Amino acid sequence: INMTTITDGANAMFALARATGDARYADSARRAGDWFLRHTYIDDEGLFYNIVDPETGTVWKDKSPHHKNVAPSEIKITEVARPNSEGCLYVAYFQAPEYCEVFLNVAEKKLARQSPEGPFMDFEPNDSKTGRVHPRFNIWLAEAQLDAYELTGDRRFLDSALKVARYM
């Protein structure tokens, strides 16, 4: 299970709950978000481990399907964890202070990891070694920075999103 699938898919689950009046859809997205927060969040890094084995529930902390040739002892945190703020799961739908704190911590830590040109090259599917940039991924992270700006009024988050937009 890739956490991005959960964050990206949450929008549809919340929309379905609103459209049908059936809270089970939103509850499912919230439960998934809570599970990822409890089991994959790395507070001091402002990141979430990205992959969970669907059969065992084991969080992959020392391996990645995207870095198969890297020894577990040599894997970098940015090869197994990402901001995973796409879809803004922890702010747009929960609207609870503790979730907003997590969301803003992630947004703050992204500022330090953003390239001067704009993309967030530390995180796959971007690849700083080859210069490969995944456009949608960067736009999704920029969208989350806009939400951080709306929450706080802190111009640094708006400027972060603008860097991505100008690069793209």
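How close do the axes of helix α5 and α6 come, and at what angle do they cross? The axes of α5 (residues 97-113) and α6 come within 10 Å and cross at roughly 120°. Axes here are lines fitted to C-alpha atoms, for helices over the stretch in contact, with angles from 0 to 180 degrees between N-to-C directions. That makes α5 oblique to α6. Angles under 35 degrees count as roughly parallel, over 145 as roughly antiparallel, 65 to 115 as roughly perpendicular and the rest as oblique.

This is a predicted model, in which local features need pLDDT of at least 70, side-chain atom pairs count only at pLDDT 80 or more, and totals for chains, interfaces and linings use all residues. Residues are numbered from 1 along each chain as its sequence is written, and side-chain values use heavy atoms, without hydrogens and water.

**Overall fold**

The chain has seven helices and three strands. Helices (H or I, at least four residues) and strands (E, at least two) are DSSP runs, numbered from the N terminus. Along the sequence the pattern reads α-α-β-β-α-β-α-α-α-α. The radius of gyration is 16 Å, close to the 15 Å that the globule rule gives for 168 residues, so the chain is as compact as a globular protein of that length. That radius is taken over C-alpha atoms; the rule is 2.2 Å times the number of residues to the power 0.38. The C-alpha atoms fill a box of roughly 45 × 40 × 25 Å along the principal axes.

**Helix packing**

| Pair | Axes come within | Crossing angle |
|---|---|---|
| α5 and α6 | 10 Å | roughly 120° |
| α6 and α7 | 7 Å | roughly 160° |

The α5 and α6 crossing is left-handed: the near helix is turned anticlockwise from the far one by less than a right angle. Contact means heavy atoms within 4.5 Å. Among the α5 residues in this contact are Phe-103 and Leu-104; α6 gives Leu-141 and Ala-144, among others. The contact divides into eight nonpolar, two polar and two charged residues.

Helix α6 spans residues 135-152, and α7 spans 155-167. These two are therefore roughly antiparallel. Their crossing is left-handed too. The contact includes Ile-139 and Tyr-149 of α6, and Phe-157 and Val-164 of α7. By class it has nine nonpolar, four polar and one charged residues.

**The sheet**

Three strands form an open sheet in the order β1-β2-β3, with antiparallel pairing. Strands pair if DSSP finds at least two bridges between them. The edge strands β1 (41-42) and β3 (81-82) each pair on one side only. Two bridges join β1 to β2 (residues 47-49). Tyr-41 has Phe-48 of β2 as its bridge partner.

Definitions and conventions
Nonpolar A, V, L, I, M, F, W, Y, C, P; charged D, E, K, R; others polar.
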